[in-house]
Amino acid sequence: MSTLTAFVNGVAFWAPRLPGWQIAAPVLRGETSAPVQPAPRPAPTLLGPTERRRAPDTVAIALEVAARACESAGADPKELPSIFASTHGDLAISDYMSETLARTPTLISPIRFHNSVHNAAAGYWTIGTGCYQPYTALTAFGDTFGEGLLEALTQAACGDRATLLVAYDIEARGPLATMVPSRGMVGAGVVVSPHAQANSLARVRWRTKRGGQRTVALDCNAEFVAGNAMAACLPFFEALARAERQTVCVGLSPALSLELDIDFPGAEHPDER
Amino acid sequence: MAAALREGRSGLRPNDFGESPLPTWIGRVPGIEAVALPDRLAAWDCRNNRLAWLALTSDGFFERASVARDRYGADRVALVMGTSTSSIGATEEAYRRLLPDGQYPEDLRRAIVHTPHSLGDFVRAALGLEGVVVTVATACSSSAKVFAQAERLMRLGLADAAVVGGVDSLCGSVLFGFNSLELVSPEPCRPFDRARRGISLGEAGGFALLERDGDGGPWLLGCGESSDAHHMSSPHPEGLGARLAIQGALACAALTPDAIDYINLHGTASQKNDEVEARLVAAMFPARTLASSTKGWTGHTLGAAGIVEAVITFLALETGLVPGTLNAQELDPACGPQIRIRNESAEVRFALSNSFGFGGSNCSLLFGKARQA
């Protein structure tokens, strides 16, 4: 299997006790402790005041992470194709829709309905940034982060250009939470490109691999995303924070993995630019 | 499907879905309720996956896909599925039948049917695939975009072949959801008609096997994808995103608009989509290009529309059957000479299929009868 190379030119991370990469990176390296109090949900400043208030949690977290990843890469959001990866989509709206349909189906809210689509966050992102570049929205259950990262790397390679990945899941609500539990709100994003730039965080040499032993996050870090459906993203961001050469393996499907050799040519403290 | 297209037989019927059906027409697939999945797939049982099974086991597809799996290896065949609502119908049913203590009924306590990857995971299990497995959910462009994603995976050598497709089934969310947006027609949808009254919702499933080489076509020559950057549930007024998608597909295939013999339009019969798409086609294509919406046959099958209309486009390439726009009587003045009401017979060498979705996600696919443009 051939190996392809990409550079991580931007990064973003958000969990209730790790609200932002600047806070998250030193914690994930074991240098500082995380704030005790969880942060309030990020405000999707890209949207107008009314839409900002009404924005579902998926939109709030995805837009925050997308904006910070672009900022970190010094990239114009308008120029980037994007991949929005979420395991379950907006679990709160799914709960609302199912509950309302069971009782008073004709009272479904049109806004909540159009916010229920899996690509709602991607839609708001492209509307808010005026971006005509394509986006996609995908899921692969427990392997959603891996499939999202693979698609970002694939699009970056095929298009020979920087590509944005935004991965997120929110808290499950109502009876649905008993079937597909997810706690808290976690978002993680990268801008990947076949081309290095002065402030590239890391180089990634990647390939798909049959089987593969999936990398597990350190216990002391896993607690920050524990129970969230996007928890599988953590080992990759842990490696980016640590900034030491490491091979990370993430799942693509039950029998296939994405193997990433991550190194940091010339980088000293990639999160402190 | 070929016979129904030829004979102008619509699959739409008065809405009889659910307990208090809205006064509209739907494209309901008969017999789904009676489909029995094999025991080994019982954990995935739900309306959407039954429809997927019906489609998988039609037209010899299951056998063709199995041959490809054995030939290339189960880990070398990618699986890229498209859907809008996947099996949310199973979640809706669980909420209708919640036990007094608020728990799910026992038969629906299966996590996989309450998450959107239900479809991709079901088809993976059904076909025994072990490669890339992913479900794309970009509303009505979903199962068009699967072609583009699979093509990229094959181009980079991450897969030797790919099973692509899409399945969406009727459920309360879409029927009452589109109704809340006042987009649903009280009569069978009439795409591009000046008096059109909205969409008819439908359900469908379809699959295609993509390989690098083959004895014959059709060939995927180009994919164009774009975003509208305009509105969540309304198209860009000048069709800017749609134009970019069509231009992208043409550029990818190194073709100009005058090479296009047929366009299967998105043509939902909503006021806005049809007006914008009609103007765009009139502005971009010569009079000789034939164009139509086939949603009068199928209804708008949402996340399955891309694959359904790709397959109709394959029929046009293979047989020269160029479908018209069923149910349209008098065309909207925005329509150029391209948009046809009646079926025609013509040599189709190059054809486009347009799929535009909620959230401003656009995809246009360009297929050819021959490999080289």
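Here are some questions and answers about this predicted model.

Q: What percentage of the residues of chain A count as buried?
A: Chain A holds 9 helices and 9 strands. Among its contacts with a separation of 6 or more, 73% come from residues 24 or more positions apart. Of the 273 residues, the share that counts as buried is 61%.

Q: Is strand S1 of chain A mostly covered or mostly uncovered?
A: Take residues 4-15 of chain A, which form strand S1. Of these 12 residues, 10 are buried, and the strand is mostly covered.

Q: Which residue in S6(A) stands opposite A:Ala12?
A: S1(A) pairs with strand S6 (residues 186-193) of chain A in the antiparallel sense, over 7 bridges. Within S6(A), the residue opposite A:Ala12 is A:Gly189.

Q: Through how many residues does a hairpin join S1(A) to S2(A)?
A: Strand S2 (residues 18-19) of chain A pairs with S1(A) in the antiparallel sense over 2 bridges. In one of these pairings, A:Ala15 has A:Leu18 as its bridge partner. The number of residues in the hairpin is 2.

Q: Which element gives the most to the side of chain A that touches chain B?
A: The contact between the chains brings together 57 residues of chain A and 61 residues of chain B. Elements of chain A that each supply at least two residues to this side include helix H4 (91-103), helix H6 (120-129), helix H7 (144-159) and strand S8 (246-253). By class, this side has 30 nonpolar, 23 polar and 4 charged residues. With 7 residues, the element that gives the most is H7(A).

Q: Which residue in S4(B) is the bridge partner of A:Thr139?
A: Strands also pair across the two chains: S4(A) is joined to strand S4 (residues 133-136) of chain B, running antiparallel, by 2 bridges. The partner of A:Thr139 is B:Thr135.

Q: Which residues of chain A does B:Val132 touch?
A: Leaving aside residues up to four places away in sequence, B:Val132 touches neighbours in both chains. Those in chain B include B:Ala78, B:Leu79 and B:Leu153. Those in chain A are A:Leu150, A:Leu252, A:Ser253 and A:Leu256.

Q: How many residues does H6(B) give to the side of domain 1 of chain B that touches domain 2 of chain B?
A: The C-alpha centres of these two domains lie 21 Å apart. Their contact takes 53 residues from domain 1 of chain B and 54 residues from domain 2 of chain B. The largest share of the domain 1 side comes from H6(B), with 7 residues.

Key:
Residues are numbered from 1 along each chain as its sequence is written. Chains are lettered from A and ligands numbered from 1 in the order in which they are written. This is a predicted model: local features need pLDDT of at least 70, side-chain atom pairs count only at pLDDT 80 or more; totals for chains, interfaces and linings use all residues. A residue is buried if 20 or more other C-beta atoms lie within 10 Å of its own, exposed if 12 or fewer, and partly exposed in between; C-beta atoms are placed from the backbone. Helices (H or I, at least four residues) and strands (E, at least two) are DSSP runs, numbered from the N terminus. Two strands pair if DSSP finds at least two bridges between them. Two residues are in contact if their C-beta atoms, placed from the backbone, lie within 7 Å. Ala, Val, Leu, Ile, Met, Phe, Trp, Tyr, Cys and Pro count as nonpolar, Asp, Glu, Lys and Arg as charged, and the others, Gly among them, as polar. Domain bounds come from an automatic or database domain assignment.
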